[in-house]
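Here is a walk through one protein chain, written for someone who would rather look at the model than at a table. Keep the viewer open as you read.

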Amino acid sequence: MKRNFFRSLTFKRFLLLLCGVYLCMVLLFHSRLQVDRPIGAVVETEPEKTTTSAIQEKIPEVVFNASVEGLKGWVRNYYNVKNLAKEISNLEKMVDKVKGELIINTTPPNVDDNGDLKLGKNCIRKSDDFGVGKFRELERGVYVYSAYLDDRKKQKFIRFIMLVAKDRRYKFTMTCVFGDGTEVSMKPYEMCENHNKQFGGYIYSCPITNGTLCPVRIKTIAGQRLVSVPIVPVTMVTKPYDYGICIPPLFGKIKDDVLVEFLELSMLLGAEHFYFYNYSITNEMAEILKHYHSRKLVTLIPWKLPKEVSDKSIWYHGQLLAHNDCMYRSMSTMKHMAINDVDEFIIPHTAAKTWNEFIPGLIGDKHCGVSFSSAFFDPSHGIKHPSGLFTMGQTVRSQQFSHVRTKVMVMPQRVFEVGIHHISKQNEERWTPQKVHPDVAYLHHYRRCVSNYGMKCTTTTEDKTVSKYFEKLQSNFDKSMTYLENILANITTPTPPKKKSQKRM
């Protein structure tokens with residue numbers, strides 16, 4: 001009981017209590033001296049002892065021992081609690097990463113005892129088959145995520161999407177080992193927007209020989225085993241989508257209505273399929289994407305970075321790697337691919353309502369894609385629209401356009417590497433990027449305006465262009481939210497869906 005009492009005290013309170021006990025004992029001790037000595041007796045004074053032994057002499061032994069044991073117990077508890085808090089924090093981080101995990105491909109991969117894929121003679125996969133769905137370590141600081149059979153030129157290549165530590169780049173040798181045992185050296189290409197981080201994205205290319213292709217395995221000089229890699233061809237399928245969107249790695253909490261509105265408005269613009277990369281999403285987000293996957297509209301791709309790669313050691317959760325993986329993945333399925341976040345929309349500012357009404361005329365035979373300037377629609381200038389549609393309440397934008405925070409729509413078949421805000425390298429020099437004038441279309445960015453790269457946020461203007469989608473968007477949004485309402489209500493930590501619209505705009 002006494003031990004529990006001291007354990008319940010904070011350190012400061014314990015010290016105050018100890019001092020109080022000490023003073024009480026000193027007063028009691030001195031009062032006893034005054035009572036016991038004879039009247040008129042002469043008392044010789046000694047210097048006051050301040051040592052631990054002196055304190056122990058003045059405090060009854062049971063009190064002193066209890067105080068010391070209590071202090072020791074408090075110290076032990078303090079460090080136990082501190083370690084426990086640290087373990088809980090680490091556990092919460094792990095739960096956040098696993099939470100909302102949604103593997104669309106429900107068939108478990110066929111792996112051996114080392115976790116490597118058993119591909120055998122059939123190593124060719126479809127674009128929605130992502131193998132084990134993770135970065136696999138080849139040697140220290142070197143990881144492979146995916147591989148693509150690039151047959152766009154006479155010489156065919158296997159293109160590997162790789163994650164490499166900065167201190168390891170160009171310091172190791174890798175070869176492809178084909179099905180017939182032929183070994184061919186790989187050549188590295190560093191992606192353009194790694195921002196000098198500790199880890200960055202690379203495309204390693206391996207020329208294909210005339211022998212047996214499958215299985216394709218990677219061999220490193222320092223590596224102790226061969227790593228089998230599934231290969232996704234980039235050859236266009238018979239009936240590809242005209243337009244699709246690649247969304248960078250998702251993390252954190254995105255409101256249910258915001259995610260649904262993004263999907264519904266994007267589909268009105270012309271998007272037929274979406275590639276999402278799952279870094280860390282909530283259960284609610286997973287259920288919403290699962291619903292759209294059942295309609296063959298969404299592919300959700302696992303995007304779990306190696307545990308050695310912290311958020312600070314790579315640019316924005318490996319955004320650049322995800323962009324290029326998505327571009328190569330979509331080469332066989334999409335004629336045009338936009339890359340943007342869920343708070344961004346490429347909106348035409350002419351009589352056109354869809355991308356297909358103006359994009360083909362801009363690209364033609366000479367270009368590999370188009371680049372759009374952007375404008376901020378700062379929520380601080382907006383209102384809460386009665387329909388519950390976020391975009392309809394944001395009708396004030398920055399007067400100035402950003403020509404730095406641009407976003408692109410590409411023809412994947414004509415691009416070798418795509419950046420975050422630009423097309424980094426076309427597959428052939430005869431194709432060039434095309435800039436789109438804001439009078440034709442630009443990116444609506446629904447977020448707080450940021451005054452950098454020459455951007456001025458102080459001057460604004462009204463822009464109600466998005467209102468031309470209101471009636472159709474309202475109808476589609478309400479239908480989806482009504483369907484999802486019961487599903488989301490059963491989630492452990494539900495987020496109430498947005499109410500259906502009550503007024504028409």
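## Ground rules

Two residues are in contact when they have heavy atoms within 4.5 Å of each other. You are looking at a predicted model, where local features need pLDDT of at least 70 and side-chain atom pairs count only at pLDDT 80 or more, while totals for chains, interfaces and linings use all residues. Residues are numbered from 1 along each chain as its sequence is written, and side-chain values use heavy atoms, with hydrogens and water left out.

## The chain as a whole

The chain has nine helices and 23 strands. Both kinds of element are DSSP runs numbered from the N terminus: H or I over at least four residues for helices, E over at least two for strands. Of the 505 residues, 48% are buried. Here buried means under 20% relative accessible area, exposed means over 50%, and partly exposed is in between, using a 1.4 Å probe and protein chains only.

How much of the contact count comes from residues 24 or more positions apart? Taking the contacts with a separation of 6 or more, such residues account for 77%.

## Strand β7 and its two partners

Start with β7, residues 199-207, where eight of the nine residues are buried. Strands pair if DSSP finds at least two bridges between them. β7 pairs with β3 (residues 157-165) in the antiparallel sense, over nine bridges. It is also joined to β6 (residues 187-190) by four bridges, again running antiparallel.

Which residue of β7 is the bridge partner of I161? That is I203, and Y189 stands opposite I203 too.

Carry on into the loop between β7 and β8 (217-220) and you come to P215. The peptide bond from C214 to P215 is cis, with omega near -5 degrees.

## An open sheet and a hairpin

Four strands make an open sheet in the order β5-β4-β8-β9, with antiparallel pairing. The edges are β5 (183-185) and β9 (227-228); each has a single partner strand, so one side of each is left without a neighbour in the sheet. For β5, strand β4 (residues 174-177) is joined to it by three antiparallel bridges, and V177 has E183 as its bridge partner there.

Further along, β19 (residues 415-418) and β20 (residues 423-426) pair in the antiparallel sense over three bridges. These two strands form a hairpin with four residues between them, and V418 has I423 in β20 as its bridge partner.

## Two helices that cross

Two packed helices are described by the angle between their axes and the distance between the axes. For α6 (residues 283-294) and α9 (residues 470-489), the angle is about 130 degrees and the axes are 11 Å apart. That makes α6 oblique to α9. Axes are lines fitted to C-alpha atoms, for helices over the stretch in contact, and angles run from 0 to 180 degrees between N-to-C directions. Under 35 degrees counts as roughly parallel, over 145 as roughly antiparallel, 65 to 115 as roughly perpendicular, and the rest as oblique.

Which residues meet across this pair? From α6 come E284, E287, I288, H291 and Y292, and from α9 come S480, Y483, L484, I487 and L488. They divide into six nonpolar, two polar and two charged. In that scheme Ala, Val, Leu, Ile, Met, Phe, Trp, Tyr, Cys and Pro are nonpolar, Asp, Glu, Lys and Arg are charged, and the others, Gly among them, are polar.

Two tyrosines have a positive phi. For Y316, in the loop between β13 (298-302) and α7 (319-330), phi is near 45 degrees. With 44% relative accessibility, Y316 counts as partly exposed. For Y453, in the loop between β22 (441-445) and β23 (460-462), phi is near 55 degrees. Is Y453 buried or exposed? Its relative accessible area is 61%, so Y453 is exposed.

A352 sits in the loop between β15 (344-348) and α8 (359-363). At 8% relative accessibility, A352 counts as buried. Leaving aside residues up to four places away in sequence, A352 touches E357, F358, K468 and Y469. The C-alpha atoms of A352 and L269 are separated by 9.7 Å, with the two residues 83 apart along the chain.
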